Structure formats: C-alpha cells, structure tokens
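The sequence and structure come before the details.

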Amino acid sequence: MGLFSFLRDKFSKKKVDEETKTYVDGMEKSRKNFASKLDNLSKRYKEVNADYFEELEEILIEADVGVSLALRIIDEALEESKAQGIKEPKQINELVVDKMFLGYATKGGNIVNEIAFRNDGPTVLLVAGVNGVGKTTTIAKLAYRYISQGKKVMLCAADTFRAGATEQLTVWANRLKCDIVVGKPESDPASVAFEGAKQAKANNIDLLIVDTAGRLQNKINLMNELSKISRVISKEIPEAPHEAFLVIDATTGQNGVVQAKQFMDCIHLTGIVITKMDGTSKGGIILAIRDELGLPVRFIGLGEKMTDLEEFDLDKYLYGLCLGDEA
Amino acid sequence: MAFESLSERFQRALKKIRGQSRLTEANMDEMLKEVRIALLEADVNFKVVKEFVEQIKQKAIGEQVYLKLNPSQMVVKIVHDELVNLLGSGDSEIKYEKNKPTIIMLVGLQGTGKTTSAGKLAYLMKKKLAKKVLLAAGDVYRPAAIDQLKQVGAQVGVEVFSLGTDVSPVEIAKQAKQKAYNEHFDVLIIDTAGRLQIDEPLMKELNDITNEVSPNEILLLVDAMSGQDAINVANAFNSQLSLTGIIMSKLDGDARGGSALSIKHLTGVPIKFAGTGEKLSDLDVFHPERMADRILGMGDVVTLVEKVQEEIDEKEARRDAEKMMKGEFTLEDMVLQMKKIQRMGSLTSLMKLIPGMPSISEEQRVQAEKEMKNLEAIVNSMTPEERRHPEILKNSRKIRIANGCGKTNADINRVLKKYDQMKLAMKQLQQYKKSGRMPPGGLNGLGGLGM
C-alpha cells in the first residue's frame, strides 16, 4: 500500500509526540484548507474522471506547489492510477501525496537538519533572504535552540542598512543573554561580519550567526555584497560560513524558486528555513524548490515565540498538511 | 529559471492557427490554456484565473484579428487590455481632508513593508504635496520597530509620535490623533504591527483603533512575491476593516505580482501605491499598464500595442495615399495628413508605403508643430468650398481669411504653395507607380510634408 497509509499508520499507532503536536497545532490553519479540500473532493466524486484530476491540480496549485510540479504530480498519479486500475478517489489522493513525498525524498543528499558543529573552532551560520521574510526572528529562534543545547552562541548584526535592524537583533541578544557584534549604521556589512568572525574565534564561540540585510535577488550590487560577506568570513575562519540558510516566507509564491536559485548562485546555501507556517499559507513552494534545485528545508518557523522553531520533517509536514484532521 | 513569457508560450500553440482571421472557440483553446498557466505562474489565484480566462474567452470570440497581428498576439492584446481594465478601475487617489488631519492606517502581515511604506508615504506627502506629516509608532510588539520608525522619520524629516512599548496601540493612536489635531498636522500615518489575519486578538486591536480614530484610509500592504494565499489574507483584512486601498510592496523584485490581480478582482479594493525600491523616494502611484505587462511577463506588450496602433495609422495612411493618388487631394486632407505626421512624430507608417521618404528630426518636428498651428488656423478660416477647391482663392478671399485667423496674406500663400507642392508630388508618385519604378533619391516634393 502507499506511503500515505504508511504515514497514517506511523502517526496514529504511535502516540502523537510533542514535536508532532507542535506541527499539527502550528499548521492547523494550513491543514484545514488543504486536507479538508482533498477530503471534500473525494466525497463529491464516486469515481475519478478528468474533472477530478483538474480539481486535484487546483488544490496543489493553491498550496503554491507550482504549476509545472503540480501538473507533473497529477500526470504521474493519473498514469499510475490507470496502470493499477485505481478508481477510488481516496486512493487517488493517497497516490498524489505519495508522489509529493517521494519527489522530495528522492532528490538526494542525506539530510541532517541540525547544524553540523566543527570541533576546531567556531561554526559560522550565514542567514540570508529577501526583505521581510523573518531573518532576524529566525536567528533569535536558532540562537535560543542552540543555547538551550548548551552551545556558546554569538550574534553578528551585519544588516547595517535597514533602519532599526541592529537594534532589533540587540533586543534579542539581550533577551537571550548572548554576545552580539554590531557595526555602525551604514558601515560595510562585510567588515561587521569580519569583526564577528574575529570575535567568535577570540571568545571560543561554538556558533556565530550572521544576520544580513534583506535583499531582492535581482539586485546585483546587493547580491555581490552578500558574496563578499561570505568571502570575508572565510578569510578569518577557513571554510566558513559552514552553513548558509536561505529564509523563505511561507506566503511566497512562484518567485520562491527564483529566489533560491539566485541566492544559490551567490553563496553556498546549505538549506532553507521556511517561516510563518502558522498562517494560512501552505508553503508548497518548498516542494518546488526542492524539485528544481534540490535544496532541502532544515527548519520550519511556526509562530512568534522563541520556541516556535522546529526541525523540518517531511513526514510531519505532509502529515500536518494532509492528514492532521484524521488523527 | 525565469518563467516563459506568455508570448513565448504562444509561439508553440501558434503554428496550428496561423493565418486565421477570426478568433473562434476552437482556435483559442490552446492559447487560453497557455494564458491560464502564465497567470498561475504569476501567482494569480487559481479561482481568479478561472473566471478571468472565461471572461477573456467571451470577449475574444468572434473578434476580428488585426492584419498585422497573428491570432495569438491578438489574444495577448485582449488579455493585456482586460488586465489593465481590471487593475486600474477604482479610485486610486488619496482624498485629503481640508480642515483637519487626514488619518491613514497601514496594516498587513509581518514583513510586508508597513514601516518602510509609512516612511515613503510621509516622504511623498511632505516633499511632493508639502503636507505636514505625523508618524505614529503603533507597533509595540516587534523588537525595535519603534526605533525603525524613528530612524525613518528622522530621514524624512517628520515628527514621530511614540509612547514606547508599554502602552496599547489603541491609546497610542488616540493620543496621536489628538496631537495631530492640536498641532494642525495635515496627515497622520499610523504604523501598526504585522499580524496574521487569523489572529483574533490582534485583528480586534485594529478594529478598536479604527473605532477610536476613524481613519480616512486603511491601506493593506501586499508583498509582490506573495502566492496563492494572498487573497485569503486580503479578504480577511477587508471584511474586518473595510480597506480603502492596497500598497503593493517590493515591486522592484522580479516577482510577477499576480496577487494584485487576485485581490483587485475579488475584493474590488483599488491598488493605490507601489513600492519600487529601498530608498524613501521609491513609492510610486500604481500603474495598471506596467502591472499588466509584469503579470504576463512581457516587455513586448508595449511593442504589440504599438503595432496595433501602427496598423490603424497605416490603414488610414493607405486610404489617404490612394485618395491622393487619384488627385483628390484637398486642403482638408493636407491638414489631416499634417496632424497625423505630428502625432506620429515621424513618418514611419507613411514611409513604409512610400519608399524614399525622408524622416524628420526632433528640431524639424518642433518647427512643424508651429507651422501646423498656422496651417490649421488658416484652413479653419476657410469655407468648405475653399478647402476643397483652393484654386478659387483670390485676393479678396485671402484678405477675409487672413483677418479671420489673424495671419497675413503671405502666410496663406505659403500654405497654398506647400499644398501645390504636395499635390504635384502626388501626381509624380502616381506616374512612377504606373511605370513601376520609384524616382531616384526619393520624392523631393513630398519631403515638404515634414515642412
């Protein structure tokens, strides 16, 4: 039987653990939409036909999965349903979710969500993204996560452009009681990052998280600035930044793929953090990004509190999106 | 990685229907499929896409295809025009109060650009409209949001009203309003915290602010990059707050911004401003034309529209030319010709009909404009009979005309001379046409068209 029922088995037989519950709660609104639509659809049709597949396609598109990926998933499901003689709507739905799961899971790379720490000095994480996706908040959440794990964390405020950005990160550093390196407003962000790397080394920091200004991926100068930040860090700490996360807002539409592509070309991205998943958006763009670029999601932001950050888990994501109500 | 533009998509669908002169349900199906995908890739909500495509179909069926366009280009044009129609309808002006402060409240999801837009609006109103603007810092939740607004306010040079983070946003709005009234500000812009539309306590807070200060404008910030869910967000904000407008932010990115269409289509709330860059001056009045081009992913729409325009001109020109060739050229025709030349700025469409025709420079154009006015004034002072048969113009008539339009006899003679030249050129052209050759070095007489 399909993966879908495997998922359901996995999560209904096992007691729903704490983390799964966070997903289920956080994604309640997203799920309500998506899952109930799938469910409604299967109830309205006795047997699947062309209209049914069209409606399925619309549900996927509405989740921001993207047109071409949605079309492909549906085509594959259609073919397989024909080959296996499946006509029952519910089974078709399961087939579709299978395809989504497999598509993501088989894109290669052994994905470890947690940051891989170096033992020969500070591990550096560079955080980038377009404007307003929640970089600074995500950094605070990540810092909280690793401080809680007993790591020595330092923040570096290399967003010297946006008004109030340094202050915002400083407020978080005070709340988290961790070190922070700041530069003067409008100063060269690369020099702040360099100073951050230096301080991190001098203070035996485990994790240095570098905040950067939001930048739209089509602004060449700003993208060059970002790669300069990355280069300058590696001058102080070879091989750093060891991790570079692209923060993507769950409300992002098809432009998300373009974003990921451009940022990948500019710095060595090691993963995505998808934010604002507690809203009604389904964040399907992460499937399209993975499909086209192979970039995996590492963490998922589910709320405004410091604790509202979870490791990304495909099972749980799809489970939350598609099955949560049936649990 | 960038998506194909609609016209690129059409290239493929096109082959089947090349040369068909009317749009029918059958020949449009393929193209409408492509329209659908293009709109979906631009993040237009799928329900809106459905309705919109249906509308396009109804509009387009039976439509005559312009000669210079192929059927697919015709569809692009119809889609484009319909987009412009839809995006542009509704009042996009801010109405300012005369004797009291105009109150504007900015609302939206987190990270859509409220604080930045507050600064940009303040800049626009202060610099362009010379308004006295007060900014109110109503975001007490996000760390350093007030700092950000203060810095933005300082850059623009407007006052920022803040009560710190321990006072409720409703109270801040209330006191800001009092201050705006007492100190005779023209505009009060209230910045609010970003919030999810499903966050009931925070949505109630916006309602409370609205009840307390009754804003003239409640503007929702919409990120140009937002996807299918944008419409749910806009609907929720609109139903709870009765929005008066939308600001599209981050339009300097390369997202297609289809949510603009979704929101406009389903809520009817007009799009008033567009954020087009990181500087405080980067806020534009919304241009439906540009947005339509963007959604379709094509810079080539402009060319297309020009082509159509050209075709219309060309048809007229062809008719005129035929008329001229028959020797039916009158002073009225001359005025019409001149006007057309003036409008086009160059002789492009006529040049295509008449090889060897010189184009005119900018300098000549300005001169031509001046003379055009003379010509019009003179011809307008003639009787219809005189316009059609200038040869009857004797001295007494010329004096009457000169008096009528405030010109001199000499001016009138100049016009008549030019007319004779053009008429002669037409005749020449006709002869060359008959002989099947064009005159070497072009037609000097017609060069006078440019004056």
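## Terms and numbering

Two strands count as paired when DSSP finds at least two bridges between them. Helices (H or I, at least four residues) and strands (E, at least two) are DSSP runs numbered from the N terminus.

This is a predicted model, in which local features need pLDDT of at least 70 and side-chain atom pairs count only at pLDDT 80 or more, while totals for chains, interfaces and linings use all residues. Residues are numbered from 1 along each chain as its sequence is written, and chains are lettered from A and ligands numbered from 1 in the order in which they are written.

## The sheet of chain A

In β7(A), Val297(A) is the bridge partner of Ile272(A). Strands β6 (residues 271–275) and β7 (residues 297–301) of chain A run parallel and are joined by three bridges.

Both belong to an open, mixed sheet of eight strands, ordered β3-β2-β4-β1-β5-β6-β7-β8 in chain A. Because β3 (179–182) and β8 (309–311) of chain A are edge strands with a single partner each, one side of each has no neighbour in the sheet. From one strand to the next, the twist averages 25 degrees.

Helix α7 (residues 135–148) of chain A packs on this sheet, and β1 (123–128) and β4 (207–212) of chain A are among the strands in contact with the helix. The direction of α7 makes about 175 degrees with that of β4(A). Such angles run from 0 to 180 degrees between N-to-C directions, with axes fitted to C-alpha atoms, for helices over the stretch in contact. Residues are in contact if their C-beta atoms, placed from the backbone, lie within 7 Å.

## Domains of chain A

An automatic or database domain assignment gives chain A domain 1 (17–105) and domain 2 (123–311). Their C-alpha centres lie 32 Å apart. Contacts link 17 residues of domain 1 to 19 residues of domain 2 of chain A. On the domain 1 side, α2 (18–26), α3 (28–44) and α6 (89–105) of chain A each give two or more residues.

## Contact between the chains

Chain B and chain A each put 34 residues into their contact. On the side of chain B, α2 (25–41), α6 (145–156) and α9 (230–241) each supply at least two residues. The largest share, five residues, comes from α6(B).

## A residue of chain B

Apart from neighbours within four places in sequence, Leu135(B) is in contact with residues including Ala118(B), Leu149(B), Phe161(B), Ile189(B) and Asp191(B).

Note on methods. Two residues are in contact if their C-beta atoms, placed from the backbone, lie within 7 Å.
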